[in-house]
Amino acid sequence: MENQNQIYDFRSDTVTKPTEAMLEEILKAKVGDDVYGDDETVNQLEVMTADKLGKEAALYVPSGTMGNLIAVMAHTSPGQEVILEESCHIYLYEVGGIARLAGVQAKTLKGVNGMMKVEEIEAAIRQENIHFPESGLICLENTHNMSGGMVLPLEEMKKVYKLAQIKQIPLHIDGARIFNAANYLKVDVKEIAQYADSVMFCLSKGMSAPIGSMLVGTKEFIAKARKLRKMLGGGMRQVGIIAAAGIVALRDHGGWLDLDHQNASTLAEGLNAIEGIKVDTEKVHTNILMADVSATGIKVPELVEKMKEKGLLVNPRNESLIRFVTHRGVNSNDVEAAIKIVKEILA
Ligand code: TLP
């Protein structure tokens, strides 16, 4: 179980390393210059992705952040307004790129477990008025990172998409972890993607590929996105080398995500049973959990440091919350070890 020099890395699923099968496919990858559309492996990954998400076309991008930015740029014009949930990644964690580079302003709404109410979205959509910016885009995030990987209810997504269509405003999903959401809901990922005009998802998180994210939408949208990717410096050359791992990720991820979700749920229960720590286990839908440590009497940075000294790596979220993320790089023994470390610190 707990081993003196071992590192238990629960900071993020972004830390996952490629699988053996990925490394093998990387060696065999047929490559070409992707800016000319000559990379067979990337082309295969894009066709496979579009098909999996039930959209016309897909684009391979270096990161989730770039995928979201390209989506916002492709859907909007500078000066427009984008409706987003106030703790979403695009608004909080993407360096204000949509303001600086897309030239749009954010209209944020408070969500419940990451989901904005449809009535509030409707009220936030701008009327025609000489003073007002136009509402150019609605963004949802599924799973919702800051609410602890919670999954947005499909019925609510459907309502928001219907509203978006009536108002003729495009809808983008930051689906960095959309496969985790589909796994939780036990639906095909298409069932979620159907309620959006575009979706970005990451291959480099729970899906375990080392690098890369995908953007999907109509052929016209992806053609626009491809040009924006070039403008942002994301047009890569023999990138089949890494896209090969993405193909394996799309093929193999199912079992890993099942385990990640089981491990998160075991970890949540174990931590919640420790005096001073509170985890709302009902809210642990996927591979992320937020532990409220305010009743321990130890400040979050100090507690995170104490954990680090014992080899347990986590991310502080705010003055009371610490985030734990499960992924292919941590197994059920590591979960037990993590619980034991926290118990020892608080004993
Ligand atoms: N999230 C990372 C950090 O940036 C916080 C993490 O460790 O969770 N959308 C969502 C919902 C994300 O969680 C992330 C990354 C991204 C987009 C950006 O993806 P990358 O890191 O590939 O730019």
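A residue is called buried at under 20% relative accessible area, exposed at over 50%, and partly exposed in between (1.4 Å probe, protein chains only). The structure is a predicted model, in which local features need pLDDT of at least 70, side-chain atom pairs count only at pLDDT 80 or more, and totals for chains, interfaces and linings use all residues. Residues are numbered from 1 along each chain as its sequence is written, and side-chain values use heavy atoms, with hydrogens and water left out.

Gln168 is exposed, its relative accessible area being 72%. Gln168 lies in the loop between helix 7 and strand 6 (171–174), where helices (H or I, at least four residues) and strands (E, at least two) are DSSP runs numbered from the N terminus. Although Gln168 is not a glycine, its phi is positive, at about 55°.

Ser208, also not a glycine, has a positive phi of about 75°. This residue is found in the loop between strand 7 (198–202) and strand 8 (213–217). Ser208 counts as buried because its relative accessibility is 0%. Apart from neighbours within four places in sequence, the residues in contact with Ser208 (heavy atoms within 4.5 Å) are Thr16, Lys17, Pro18, Met22, Leu203, Trp256 and Arg328.

A further backbone feature is the cis peptide bond between Asn142 and Thr143, with omega at about 0°. Thr143 belongs to the loop between strand 5 (135–141) and helix 7 (154–166). Tyr91, in helix 4 (residues 89–92), is partly exposed, with a relative accessible area of 39%.
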